[in-house]
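Biologist: I have a chain open here and would like to go through it piece by piece. Can you walk me through it?

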Amino acid sequence: MASATRARKSRAVIRSTPALIVLDVLARQAGLHPDVARALVALGLVEPRGGTPAAPLFAPGDAQLLARAARLRRDLGLNYFGAVLACELLARIEELEQRLRQVGESAPTPDEVIAWTRTV
């Protein structure tokens, strides 16, 4: 009985975690040759989420980052290092814009600012 309960719990954990994919599948989803994907991974664009050093596993969303780097490389003529740097900078910009939106939602209105700064 206890083993059946453990089996159900382990299946629930497996279903709740996103599926990780091997590098070849990641490359295919990004529209890249596996060697190009390996080069971008070696430069640190995406980090393995599991697996072993010989067979790393990645999140499916990492394919978008690889595809973005490939587009930057192709469209702007960047080398691999430049494409990785550009992707990191774009991710940082997106993060800062998100933080600004969150702050903007809780920011005081202009009337509140004027009332606070007004001296009598």
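Modeller: The protein chain has 6 helices and 3 strands. Keep in mind that this is a predicted model.

Biologist: In what order do the elements run from the N terminus on?

Modeller: Starting at the N terminus, the order is α-β-α-α-β-β-α-α-α.

Biologist: And the strands, what do they form?

Modeller: The 3 strands make an open sheet, ordered β1-β3-β2, with antiparallel pairing.

Biologist: How many bridges join β1 to β3?

Modeller: There are 2 bridges between β1 and β3, the latter being residues 56-58, and the two strands run antiparallel.

Biologist: Which residue is the bridge partner of I21 in β3?

Modeller: That is F58.

Biologist: Switching to helices. At what angle do the axes of α2 and α4 cross?

Modeller: Roughly 55°, and the axes come within 8 Å. Here α2 covers residues 23-30 and α4 covers residues 62-76.

Biologist: Left-handed or right-handed?

Modeller: The crossing of α2 past α4 is right-handed.

Biologist: Which residues make the contact?

Modeller: From α2 they are L26, Q29 and A30, and from α4 they are D62, A63, L66 and A67. By type, the residues of this contact comprise 5 nonpolar, 1 polar and 1 charged.

Biologist: Let me pick out D62. Where is its place?

Modeller: D62 sits in helix α4.

Biologist: Is D62 buried or exposed, and why?

Modeller: D62 counts as buried because its relative accessibility is 4%, and the cut-off for buried is under 20%.

Biologist: What is D62 in contact with, leaving aside neighbours within four places in sequence?

Modeller: With those neighbours set aside, D62 touches L26, V46, E47 and R49. L26 belongs to α2 and is also listed in the contact of α2 with α4.

Biologist: Now the whole chain. What share of the residues is buried?

Modeller: Of the 120 residues in the protein chain, 21% are buried.

Biologist: And what part of the contacts with a separation of 6 or more comes from residues 24 or more positions apart?

Modeller: In the protein chain, such residue pairs account for 47% of those contacts.

How values were computed: Residues numbered from 1 in each chain as written. Predicted model: local features only at pLDDT ≥ 70, side-chain atom pairs only at ≥ 80, totals over all residues. Heavy atoms only, no water. Pairing = 2+ DSSP bridges. Helix = DSSP H or I, 4+ residues; strand = E, 2+ residues; numbered from the N terminus. Axes fitted to C-alpha atoms, helices over the stretch in contact; angles between N-to-C directions. Left-handed = near helix turned anticlockwise from the far one by under 90°. Contact = heavy atoms within 4.5 Å. Nonpolar A, V, L, I, M, F, W, Y, C, P; charged D, E, K, R; others polar. Buried < 20%, exposed > 50% of the residue type's maximum accessible area, 1.4 Å probe, protein only.
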